[in-house]
Amino acid sequence: MKKFLALILSLIMALSLVACGGGGEEKDPENTDGKTIKVGLICIGDENDQGYTYNFIRGKEAATEALKAKGINVEWVVKYNITEDSKCEDANMELAEAGCEIIINNSFGFEPHMLKVAKDYSDITFIACTNSASSRDDLKNTHNAFANIYEGRYLAGVVAGMKLQEQIDAGKLDADKAVIGYVGAYPYAEVKSGYTAYYLGAKSVCPSVTMKVKFVGSWSDATAEGNAASALCDEGCVLISQHSDNTTPATTAQSKGAFHTGYNNDMIGVAPEASLIGTRIDWSVYFTHAIETIANGGELEQDWCHGIDESAVVLTDLNEKIAAPGTADKLAEVEKAIKDGTLHVFDTSTFTVGGQPLTHAFALDTDGDFAADSEEAVSDGYFHESEFQSAPYFVENIDGITTDE
């Protein structure tokens, strides 16, 4: 009878946890060996997007295995499909009350809501991914994390540029028709930094390339992303890339006879005739670091950022069937140059702004605004992206790129 009652009680507790999720929740079973730490993860979508949130779940699963090998078991409580409003505040509070020692927020718009809760739970570590305010506030328990995804964007751009140049050299494409279409979420620094790096990568191997950007006003709107990709193709774009969460730009590019490079996931499976490669942040690198640090009683830095140097930024598989010959070797060469510092993505000799070289630009100041008391970001011949904070701050509108902003 006692065993039966215990079973019923366990089922009731499990159901109550699911009920409080608002947008859906996942809880990993607790292991019995080693120390266990409870971690909450708040997601703007779910893994069915096959993009942004799916990439975080991949990071979570890989980190769990890496930590298990270190004798640390992670009990995850995941809340899916949480919107960037008061529901995010509620989700953070619910995870705090549920006993999570670490709470990770995966979307840019989550941070203000997270910070409202974090001040009331000083013994819990709160992490806002892809944002910046937590690294500068007066709360010791709030943290930011991002990766140098612009490095991966540059490399993906090289792949795109090589494909375009191959077509030009073969007489299949006029040089002035080498136009890339880019589906962006918002005209934020994160998106601008990414598409500029991508364009510079393409331009390094295809000098005649230009790019058009359309913003959809959402991180994740499959229909709007597909429509934007379609419109870009109709405007003459022969290759599509994206900073948006879904696979519809890839499938649309294929349906329009254009090529594609992806984000957050390998999209060859949904667009094998179009998708050349993708790039993504491997969140397992940071998750493993952060959880291990807290589990072992260490002090977690308030702002964390790495790139291809620690495999925090990676490329998905190259689609050898459609990529230009020599692409793999060129990628290896460029990646090595980024790692050893002989190539800087935002080398100011490779672009102009309004017809002039960029000689002066500010990084974000402590208030998050561009102002005269900010750090100087241009020195040694390049713009120093993500060195003063993990979140990107490159917002220059360089020549060769037009937007609908």
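Student: What makes the charged end of Arg153 count as sitting over the ring of Tyr263?

Tutor: In this predicted model, the charged end of Arg153 is 3.9 Å from the centre of the Tyr263 ring. The rule asks for CZ of Arg within 6 Å of the ring centre and within 35 degrees of the ring normal, so Arg153 is listed as sitting over Tyr263.

Student: Nice. Why is the aromatic pair of Tyr182 and Tyr195 called edge-to-face?

Tutor: Let's start with the general idea: a pair of aromatic rings is described by the distance of the centres and the angle of the planes. For Tyr182 and Tyr195, the centres are 5.7 Å apart and the planes make 65 degrees.

Student: What does the pair of Tyr182 and Tyr195 tie together?

Tutor: Tyr182 belongs to strand β7 (residues 179-184) and Tyr195 to helix α6 (residues 189-203), so the pair links parts that are 13 residues apart in sequence. Both tyrosines, Tyr182 and Tyr195, are buried.

Student: How many aromatic pairs are there by this rule?

Tutor: The count is 21 aromatic pairs. There is also an aromatic cluster formed by Tyr150, Phe346, Phe351, Phe383, Phe388, Tyr393 and Phe394.

Student: On to the helices. How do you know whether α5 and α10 are roughly parallel or roughly antiparallel?

Tutor: The axes of α5 (residues 149-169) and α10 (residues 327-340) cross at roughly 150 degrees and come within 10 Å. Angles over 145 degrees count as roughly antiparallel, and therefore α5 and α10 are roughly antiparallel to each other. Their crossing is right-handed.

Student: Which residues of α5 and α10 meet?

Tutor: On the α5 side they are Glu151, Tyr154, Leu155, Val158, Val159 and Met162, and these meet Thr327, Lys330, Leu331, Val334, Glu335 and Ile338 of α10.

Student: And α3 with α4: why is α3 called oblique to α4?

Tutor: Helix α3 (residues 86-97) packs against helix α4 (residues 111-118) at an angle of about 40 degrees, with the axes 8 Å apart. Roughly parallel would need an angle under 35 degrees, and roughly perpendicular starts at 65, so α3 is oblique to α4. Ser86, Cys88, Glu89, Asn92 and Met93 of α3 make the contact with His113, Met114, Lys116 and Val117 of α4. This crossing of α3 and α4 is right-handed.

Student: How many helices and strands does the protein have?

Tutor: The protein has 10 helices and 16 strands. Of its 405 residues, 54% count as buried.

Methods: Residues are numbered from 1 along each chain as its sequence is written. This is a predicted model: local features need pLDDT of at least 70, side-chain atom pairs count only at pLDDT 80 or more; totals for chains, interfaces and linings use all residues. Side-chain values use heavy atoms; hydrogens and water are left out. Rings of Phe, Tyr and Trp (its six-membered ring) pair if their centres lie within 6.5 Å; planes under 30 degrees apart count as stacked, over 60 as edge-to-face and the rest as tilted. Helices (H or I, at least four residues) and strands (E, at least two) are DSSP runs, numbered from the N terminus. Buried means under 20% relative accessible area, exposed over 50%, partly exposed in between (1.4 Å probe, protein chains only). Axes are lines fitted to C-alpha atoms, for helices over the stretch in contact, and angles run from 0 to 180 degrees between N-to-C directions. Angles under 35 degrees count as roughly parallel, over 145 as roughly antiparallel, 65 to 115 as roughly perpendicular and the rest as oblique. A crossing is left-handed if the near helix is turned anticlockwise from the far one by less than a right angle, and right-handed if clockwise. Contact means heavy atoms within 4.5 Å.
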